[in-house]
Amino acid sequence: MDNELNFETYLFINDKKLIICVIQSTTYKIIYKEQMILSDSFNELKFKRLNDFLEKNIFKVEKILKNFIKNIFIILDSTEFFPIEISIKKDNNGNLIKPKTLIYPLNDLKTLCQSNFQDKKIIHMLIENYRIDNNNYSFLPDDLSCNNFSLDVKFICLSKNLIEKLEIILKRYHILINQVLCASYIENFLDENHPDVFTTASRIISG
């Protein structure tokens with residue numbers, strides 16, 4: 001690989017297994033994939049197993065890539081994800097509602113969530129419902145003017161303590177966490193054409 005932009009590295013973690021996967025970011029081709037089966041729940045003892053797993057595989061990957069891994073995406077399948085649902089209503093004074101109209105109310109909700117749950121980190125922010133002039137929409141309609149609108153938003157959050165523990169392990173290999181992803185969220189996008197969680201995650205990240 002000529003540079004780091006050509007590949008993405010993913011680490012999947014759940015109670016049953018650890019998987020490291022490297023994807024060619026333009027073709028979604030899997031370059032490297034290895035897993036470790038875990039015998040019981042992913043707890044404090046398993047952080048040592050995670051370290052052993054990384055020690056075994058990181059240098060193999062870097063040798064194949066002929067490059068260092070500097071950043072990694074973590075796909076976490078865990079019951080520790082914490083959903084927070086919040087709504088906000090805004091006047092729109094008959095103006096056209098557009099994606100940029102939503103920036104300020106969404107930032108307000110994000111700030112509210114962060115201030116009330118300071119021990120949590122927001123992983124995903126999902127708009128579950130648009131209520132526009134008392135009509136519900138699952139998506140933002142095109143070319144629609146309204147007097148008021150409200151947003152029902154779900155924040156998927158995770159303990160900062162857990163993230164910090166993962167960061168400590170990865171720093172031993174000079175790797176930073178690029179982003180933490182919720183496995184169940186990614187699985188919503190799996191289909192027969194894209195059945196792999198890693199390539200699907202890469203497609204979601206790239207938009």
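Colleague: Among the elements of the protein chain in this predicted model, which has the lowest mean pLDDT and which the highest?
Modeller: The protein chain as a whole has a mean pLDDT of 91, and 95% of its residues reach 70 or more. Where pLDDT is low, the predicted coordinates should not be read in detail. Among the elements, the lowest mean, 88, belongs to H1, and the highest, 97, belongs to strand S8 (residues 135-137).

Colleague: How many helices and strands does the protein chain have?
Modeller: Along the principal axes, the C-alpha atoms of the protein chain fill a box of roughly 60 × 35 × 30 Å. Of its 207 residues, 44% count as buried. Its elements are five helices and eleven strands.

Colleague: Is Asn-14 buried or exposed?
Modeller: Asn-14 sits in the loop between strand S1 (7-13) and strand S2 (17-24). Leu-38, 24 residues away in sequence, is 8.8 Å from Asn-14 in space, C-alpha to C-alpha. The relative accessible area of Asn-14 is 10%, and the cut-off for burial is under 20%, so Asn-14 is buried.

Colleague: Why does Lys-66 count as exposed?
Modeller: Lys-66 belongs to the loop between H1 and strand S4 (71-76). A residue is exposed when its relative accessible area is over 50%. Lys-66 is classed as exposed because its relative accessible area is 75%.

Colleague: What is the phi of Asn-93?
Modeller: Asn-93 is in the loop between strand S5 (82-91) and strand S6 (96-97), and is exposed, with a relative accessible area of 65%. Most residues other than glycine have a negative phi. Asn-93 is a residue other than glycine with a positive phi, near 55 degrees.

How values were computed. Residues numbered from 1 in each chain as written. Predicted model: local features only at pLDDT ≥ 70, side-chain atom pairs only at ≥ 80, totals over all residues. Heavy atoms only, no water. pLDDT = per-residue confidence, 0-100. Helix = DSSP H or I, 4+ residues; strand = E, 2+ residues; numbered from the N terminus. Buried < 20%, exposed > 50% of the residue type's maximum accessible area, 1.4 Å probe, protein only.
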